[in-house]
Structures are given as C-alpha cells and as structure tokens.
Amino acid sequence: SKLSKLLRFASTKSEGKEISLDKYLDRMQESQESIYYMSGESMEVMQKAPALQIFKKKDLEVLMLSDHLDEPCLQKLADYEGKKF
C-alpha cells in the first residue's frame with residue numbers, strides 16, 4: 001500500500017537513523033527471502049538479545065521495533081514487495 005512506503009524503522013545497520021522498507025530491501029542479501037525484525041522495549045535491550053547475535057554473525061540486517069505499535073503494523077502488512085516479515 002502507499003502508506004507502507006512511508007514507514008521508517010531503525011535497524012542493526014542504520015546507525016541510529018530510521019530507514020524505509022525500500023532501503024532495507026535494497027540492502028538485503030540476494031539469498032534472503034524474508035524481512036527480519038525484532039521488537040522490544042528499547043534499543044539497548046534488543047542489542048543485547050542473544051537471538052540478534054545470530055543475525056549479526058550472518059551479516060543480516062534486522063529492523064529494530066521499539067515502539068509498541070510497530071510490530072502490529074508489520075503483522076498487518078504481512079509482506080512488502082513480495083518479501084514476508
């Protein structure tokens with residue numbers, strides 16, 4: 001939808017800035033079939049999560065959802081440009 005193009009999220013590779021889903025797709029690895037995200041109460045808590053380390057080791061970018069409305073928003077979308085969340 002047109003509104004999904006306006007969404008912005010922080011990610012593990014955005015250096016504290018919020019990026020669009022289009023920017024995320026541009027930086028995805030060719031073999032990557034899904035958009036990865038993690039939700040939590042704060043960036044600090046999510047950065048320390050053991051599950052995130054697996055993605056970092058594989059050099060996969062992960063969207064960081066710290067607002068309580070972010071995750072329901074992505075779940076409503078289900079996919080973006082053919083890539084599932």
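**View 1. Strands β1 and β4 pair in the antiparallel sense in this predicted model.** The pairing of β1 with β4 runs over two bridges, where two strands count as paired if DSSP finds at least two bridges between them. Ser11 stands opposite Leu63 in β4. Helices (H or I, at least four residues) and strands (E, at least two) are DSSP runs, numbered from the N terminus. Residues are numbered from 1 along each chain as its sequence is written, side-chain values use heavy atoms, and hydrogens and water are left out. Because the model is predicted, local features need pLDDT of at least 70 and side-chain atom pairs count only at pLDDT 80 or more, whereas totals for chains, interfaces and linings use all residues.

**View 2. Strands β1 and β2 form a hairpin with six residues between them.** Strand β1 (residues 8-11) is joined to β2 by three bridges, and the two run antiparallel. Across this pairing, Arg8 stands opposite Ser20 in β2, while Phe9 stands opposite Ile19 in β2. In the turn of the hairpin, Glu15 has a positive phi of about 50°.

**View 3. Four strands form an open sheet in the order β2-β1-β4-β3.** The pairing in this sheet is mixed, and its edge strands are β2 (18-20) and β3, each of which pairs on one side only. Neighbouring strands of the sheet are turned by 50° against each other on average, with direction ignored. Helix α4 (residues 70-77) lies across β1, β3 and β4 and runs at about 140° to β3. For such angles, axes are lines fitted to C-alpha atoms, for helices over the stretch in contact (heavy atoms within 4.5 Å), and the angles run from 0 to 180 degrees between N-to-C directions.

**View 4. The largest nonpolar core has 10 residues.** Its members are Phe9, Ile19, Leu21, Tyr24, Met28, Ile35, Leu63, Leu65, Leu74 and Tyr80. The elements that give two or more residues to this core are α1 (21-27) and β4 (63-65). A nonpolar core is a set of buried Ala, Val, Leu, Ile, Met, Phe, Trp, Tyr and Cys residues joined through side-chain atoms within 4.5 Å, and buried means under 20% relative accessible area, exposed over 50% and partly exposed in between (1.4 Å probe, protein chains only). A second, separate core of seven residues includes Ala10, Met38, Ala49 and Leu52. Leaving aside its neighbours within four places in sequence, Met28 is in contact with Glu33, Ser34, Ile35 and Lys83.

**View 5. The structure holds two aromatic pairs.** Rings of Phe, Tyr and Trp (its six-membered ring) pair if their centres lie within 6.5 Å, and planes under 30 degrees apart count as stacked, over 60 as edge-to-face and the rest as tilted. Tyr36 and Phe55 form a tilted pair, 4.9 Å centre to centre with 50° between the planes. This pair links distant parts of the chain, 19 residues apart, with Tyr36 in the loop between α1 and β3 (37-39) and Phe55 in helix α3 (residues 50-57). Tyr36 counts as partly exposed because its relative accessibility is 26%.

**View 6. The rings of Tyr37 and Phe85 form an edge-to-face pair.** Their centres are 6.4 Å apart and their planes stand at 70°, so the pair is edge-to-face. Tyr37 lies in strand β3 and Phe85 in the segment after β6 (83-84), so the pair ties together parts that are 48 residues apart in sequence. Tyr37 is partly exposed, with a relative accessible area of 26%, and Phe85 is partly exposed at 23%.
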